[in-house]
Amino acid sequence: MAASLASLPTFSLVNASRRRIESYDSKKRIGVVRCCSSGDIQQQRGRLLRETAISLALSLGLIAGGVVPSIASPPYANANAAAAAAAAAAAYAVANPAIPEVSVLISGPPIKDPGALLRYALPIDNKAIREVQKPLEDITDSLKISGLKALDSVERNVRQANRSLQQGKSMIVSGFADSKKDHGNQLIQQLEAGMQDMLQIVEDRKRDAVSPKQKEILQFVGGIEEDMVDGFPYQVPDEYRNMPLLKGRATLDMKVKIKDNPNLQDCVFRIVLDGYNAPVTAGNFVDLVERHFYDGMEIQRSDGFVVQTGDPEGPAEGFIDPSTEKVRTVPLEIMVAGKKTPFYGSTLEELGLYKAQVMLPFNAFGTMAMAREEFENDSGSSQVFWLLKESELTPSNSNILDGRYAVFGYVTQNEDFLADLKVGDVIESIQVVSGLDNLVNPSYKIAG
């Protein structure tokens with residue numbers, strides 16, 4: 001049986017081919033609030049907005065493919081449980097003071113590019129490089145202008161980034177980890193040369209050459225930012241410290257055999273996993289990849305909303321650890337912007353953090369996350385899914401998936417072809433291209 005994509009009371013996603021879904025009762029109503037705290041009022045308002053959105057979506061036929069929302073009461077069974085959760089959130093806030101805003105996603109329109117999301121999610125505090133990065137990312141918006149007029153806006157973006165680089169170079173260089181300074185300085189030189197190349201492209205009025213050059217330049221920026229990360233920035237909680245952990249990032253290639261598309265028989269998806277923000281979840285996946293757990297496994301769900309796999313044959317819904325003969329599970333793991341360590345075991349809604357912004361949002365086509373059982377936050381094991389598209393219920397930056405599921409990576413190449421995958425297509429292999437040395441406590445080595 002496939003795990004649900006949602007254990008939350010506001011949105012239930014399950015594999016329609018493997019599990020019957022509870023029907024949505026449109027007659028449910030939220031009671032009148034007579035006397036309650038400000039927190040209760042906020043909860044009621046949130047529930048009312050969700051029910052309104054779901055009713056509208058149903059009336060317009062927006063919910064299909066076995067994706068049916070349900071409205072339910074808050075997850076706490078009693079006041080003591082709610083108080084305990086509130087106390088835990090308060091204690092976490094004291095133990096994890098907010099860090100400077102430069103490490104938080106830059107405000108503005110939602111960022112949907114997976115590379116940009118990964119760059120902004122790095123645990124760095126260097127305003128100078130972010131001021132270089134921002135106008136270069138904005139080239140994407142400049143290219144939305146029709147024709148060659150876009151090039152004038154691109155030129156302004158590049159010149160702004162170049163000014164920021166020259167003005168902030170000393171601060172950027174001082175931010176490099178000691179062991180990475182030489183490499184970082186080389187990347188700065190490549191970035192400067194790349195921006196000059198871009199200005200030449202603009203002068204030659206070669207619009208089609210802008211996007212590839214932008215991608216190349218931003219790779220230099222991302223490399224500079226990664227060279228500012230000095231080791232792993234925090235301690236994983238004791239109860240998870242001996243699990244496979246990805247203390248950094250890893251790049252993987254997933255090769256899929258596509259059966260029913262004669263023009264696309266084999267496709268390789270490049271995936272970047274982010275262990276800085278989800279070390280337990282990403283480490284679990286890399287460990288399973290090294291066990292060849294997914295090799296030969298079929299795509300088990302593809303409904304236009306998500307693609308899902310990872311449910312092994314047999315009654316178990318996850319990976320059975322040979323050393324324990326039990327399903328190995330991982331906790332729900334959510335990193336919030338402005339905090340130094342992730343939350344474990346609770347959704348942000350349960351913690352009362354309704355306005356918190358996650359570091360790895362469901363913004364990009366091909367966002368990768370851990371599936372789990374309904375109402376069991378810590379039941380993730382081997383089943384994973386990729387988000388295919390936005391909907392009226394999952395708009396970027398304000399969707400009902402953020403803070404409820406552990407995002408741990410993004411598809412960064414060939415992500416558009418995820419929509420071509422069908423149930424029954426076969427994952428031929430998943431291989432770690434780089435970053436395997438960031439995996440600690442690998443159980444696959446113990447298993448031989």
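A residue is called buried under 20% relative accessible area, exposed over 50% and partly exposed in between, with a 1.4 Å probe and protein chains only. By this rule K169 is partly exposed, with a relative accessible area of 27%. The structure is a predicted model, in which local features need pLDDT of at least 70 and side-chain atom pairs count only at pLDDT 80 or more, while totals for chains, interfaces and linings use all residues. Residues are numbered from 1 along each chain as its sequence is written, and side-chain values use heavy atoms, with hydrogens and water left out.

The chain has 10 helices and 16 strands, where helices (H or I, at least four residues) and strands (E, at least two) are DSSP runs numbered from the N terminus. Of the 448 residues in the chain, 51% are buried. The chain exposes about 20,800 Å², of which carbon and sulfur atoms supply 50%; accessible areas come from the Shrake-Rupley method with a 1.4 Å probe, and for residues only the protein chains shown count as cover. Contact means heavy atoms within 4.5 Å. Among contacts between residues at least 6 apart in sequence, 74% join residues at least 24 apart.

An open sheet of 8 strands shows antiparallel pairing in the order β6-β7-β13-β12-β14-β5-β4-β15; two strands pair if DSSP finds at least two bridges between them. Its edge strands, β6 (301-302) and β15 (426-434), each pair on one side only. Strand β4 (residues 249-257) runs antiparallel to β15 and is joined to β15 by 7 bridges. T251 stands opposite S434 in β15. Helix α9 (residues 279-290) lies across β4, β5, β12, β13, β14 and β15, running at about 115° to β15. For such angles, axes are lines fitted to C-alpha atoms, for helices over the stretch in contact, and values run from 0 to 180 degrees between N-to-C directions.

A salt bridge is a side-chain nitrogen of Lys or Arg within 4 Å of a carboxyl oxygen of Asp or Glu, and the count comes to 21 salt bridges. In one of them, E192 pairs with K169, with the closest N and O atoms 2.6 Å apart. This pair links distant parts of the chain, as E192 belongs to helix α7 (residues 181-203) and K169 to helix α6 (residues 150-174), 23 residues apart. Salt bridges that share partners also join D113, R119 and E137 into one network. The side chains of K134 and D138 meet at 3.0 Å, N to O. K134 is partly exposed at 28% relative accessible area, and D138 is partly exposed at 23%. D141 forms a salt bridge with K144, the closest N and O atoms being 3.2 Å apart. Here D141 counts as partly exposed at 40% relative accessibility, whereas K144 counts as exposed at 65%.

Rings of Phe, Tyr and Trp (its six-membered ring) pair if their centres lie within 6.5 Å; planes under 30 degrees apart count as stacked, over 60 as edge-to-face and the rest as tilted. The count comes to 9 aromatic pairs. The rings of F232 and Y276 have centres 6.4 Å apart and planes at 15°, so this pair is stacked. F232 lies in the loop between α8 (210-226) and β3 (245-246) and Y276 in the loop between β5 and α9, so the pair ties together parts that are 44 residues apart in sequence. Both F232 and Y276 are buried. The rings of F285 and Y294 have centres 5.0 Å apart and planes at 40°, so that pair is tilted. F285 and Y294 are both buried. Together with F293, F319 and F408, F285 and Y294 form one aromatic cluster.
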